[in-house]
Amino acid sequence: MAPAPSPNAVGLAAYRQLAGNLRVTGIDHPYWTSRKGNSLRYALWAERRKHAGPYLREIAPRFPERERSLLLKAATEFEKEAGYLAKLAERFPVGSAESGHWGEDNEMQAMELLALAEMNFAEGVNWLAVVAQVDFSPFETKDADALEKLVTSDDILTSEAALAALAKLAPKDLDVRLARLMTSEPDVKKMGADGPIHRHLLFALAKLDSDIATDAIGEAVFFAGESDAVKPAVSKWAAEIYWERRGAAGKNLWLKALDSEVPHVRAAGLKYLGMCGDKAVLPKLAKCEEPAAYQARIRLGDDTAWAPLVAGLGTPAWYASYSLLRELGPAVEPHVFPYLEDDNQAIVVYVSALLSRVGTEKSLPLLEKTAAANPDIPRIAQALADLKKRLEEK
């Protein structure tokens, strides 16, 4: 049997894998705001989370008494959490009619079970966080050159600790050092399910107000990435920060991003070119077929882009089209109203759901008419109810 890694390494890996990537708290689409496919979500959560407790119990015996005790405490909490999620999945079985999930009693039960699961989850994370504490004292005596070199270590724990110490030391040329590390460090450096050091470098750069730091953040937009779930994360976050700092003045970077063959880099170019306000880029955008390109054209005043974006609601790319249209807010109303009478039932459903989120009082009579014409489609009736509730709460 291979020797056990350090307790810190295991605790940190478990903390990231179980607490970070498979978290219950902060769910983007909880039951009471997004009803499509809830049974599948619940089944997925229950399936993933049931492995957390057994995993910790399996590795716990390989560690000293203190770490073993903490890992077992965390395992107990995660097993309780998994039990509540299993009950949730049982209440909303996959394959059952979604319309049967919409009752008030079921909604209350879902909220209660999720709250209980979240409570046990949080307690388990607390125990893992104790195990995952890293001793930074050996790094505090190093100078800036030594710390910069340690950031390039193959061990992610050493790399992160050295970077934290370097940022705390704050030499006058910190922005130069961080920029150098951001552009020179290879991606393949991770612990468990965690990603590269670049996220930490980006966070440190974001705290510095200098052109050198901002330029390095711009270069991070082109981070292709190879590390699991964080593949587009660094690029997307860097794009957001760069836009906040440079705005439309950074147009050349977004044009460069649009020419990239990396999908998430290209997506950043499309998004922010549409926000730059420069209609001169419309001919180039017109050559792009991604849903995001249509949104960018709409933002720049090209009304011919509405039809293909709305039509995308009836295709495999419907989720991208829905999200992009929703970002445009109430401006979508006059352009999607005609589709409430479309022959494609899927488009009618998606447009109804869209209007329930962004529609104004103008949408209400049309959505009432659509619901009356489609009494056998519960999702349209639910969209109408959601719109009424949202307008009443204004």
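**View 1. Surroundings of Leu163 in the predicted model.** Once its neighbours within four places in sequence are set aside, Leu163 is in contact with Val151, Leu178, Ile197, His200 and Leu201, in a model that is predicted. Leu163 itself lies in helix 7, which spans residues 156–169. With a relative accessible area of 3%, Leu163 is buried, because the term applies to any residue under 20% relative accessible area.

**View 2. The whole chain, as context for the close-ups.** The secondary structure of the chain consists of 21 helices and zero strands. Of the 394 residues in the chain, 46% are buried, and the accessible surface comes to about 19,600 Å², with 54% of that area belonging to carbon and sulfur atoms. When contacts between residues at least 6 apart in sequence are considered, 66% of them join residues that are at least 24 apart.

**View 3. Helix 15 and the helices around it.** Helix 15, residues 291–299, is mostly covered, with seven of its nine residues buried. These buried residues are Ala292, Ala293, Tyr294, Gln295, Ala296, Arg297 and Ile298, and their packing partners are helix 13, helix 14, helix 16 (306–311) and helix 17 (318–327). In an α-helix there are 3.6 residues a turn, so residues three or four places apart point the same way. In helix 15 the buried positions run from Ala292 through Ala293, Tyr294, Gln295, Ala296 and Arg297 to Ile298, and the buried residues of this helix pack against four helices, namely helix 13, helix 14, helix 16 and helix 17. Just after helix 15, Gly301 takes a positive phi of about 95°.

View 4. Cys276 is placed in helix 13, and at 12% relative accessibility it counts as buried. Leaving aside neighbours within four places in sequence, the residues in contact with Cys276 are Trp243, Ala248, Lys251 and Trp254. The C-alpha atoms of Cys276 and Trp254 are separated by 9.2 Å, although the two residues are 22 apart along the chain. Cys288 also counts as buried, at 7% relative accessibility. The count of disulfides in the model comes to zero, because a disulfide would require a pair of cysteine sulfur atoms within 2.5 Å.

**View 5. The salt bridge between Arg246 and Asp215.** The count for the model comes to 15 salt bridges, and one of the pairs is Arg246 with Asp215, whose closest N and O atoms are 3.2 Å apart. This pair links distant parts of the chain, with Arg246 in helix 11 (residues 233–246) and Asp215 in helix 10 (residues 211–220), 31 residues apart. Arg246 counts as partly exposed at 24% relative accessibility, and Asp215 is likewise partly exposed, with a relative accessible area of 40%.

**View 6. The salt bridge between Asp259 and Lys284.** Asp259 forms a salt bridge with Lys284, and the closest N and O atoms of the pair are 2.9 Å apart. The bridge links distant parts of the chain, 25 residues apart, with Asp259 in the loop between helix 12 (251–258) and helix 13 (263–276) and Lys284 in helix 14 (residues 282–285). At 52% relative accessibility Asp259 counts as exposed, because that term begins over 50%, whereas Lys284, at 31% relative accessibility, counts as partly exposed.

**View 7. The salt bridge between Lys388 and Glu368.** In this view Lys388 forms a salt bridge with Glu368, the closest N and O atoms being 3.8 Å apart; the pair qualifies because the cut-off for a side-chain nitrogen and a carboxyl oxygen is 4 Å. Lys388 in helix 21 (residues 378–393) and Glu368 in helix 20 (residues 363–373) are 20 residues apart, and the pair links distant parts of the chain. Lys388 counts as partly exposed at 34% relative accessibility, and Glu368 counts as partly exposed, also at 34%.

**View 8. A network of charged side chains.** Asp145, Glu148, Asp173, Arg177 and Arg180 are linked in a network of salt bridges.

Key. Residues are numbered from 1 along each chain as its sequence is written. This is a predicted model: local features need pLDDT of at least 70, side-chain atom pairs count only at pLDDT 80 or more; totals for chains, interfaces and linings use all residues. Side-chain values use heavy atoms; hydrogens and water are left out. Buried means under 20% relative accessible area, exposed over 50%, partly exposed in between (1.4 Å probe, protein chains only). Helices (H or I, at least four residues) and strands (E, at least two) are DSSP runs, numbered from the N terminus. Contact means heavy atoms within 4.5 Å. Accessible areas come from the Shrake-Rupley method with a 1.4 Å probe; for residues, only the protein chains shown count as cover.
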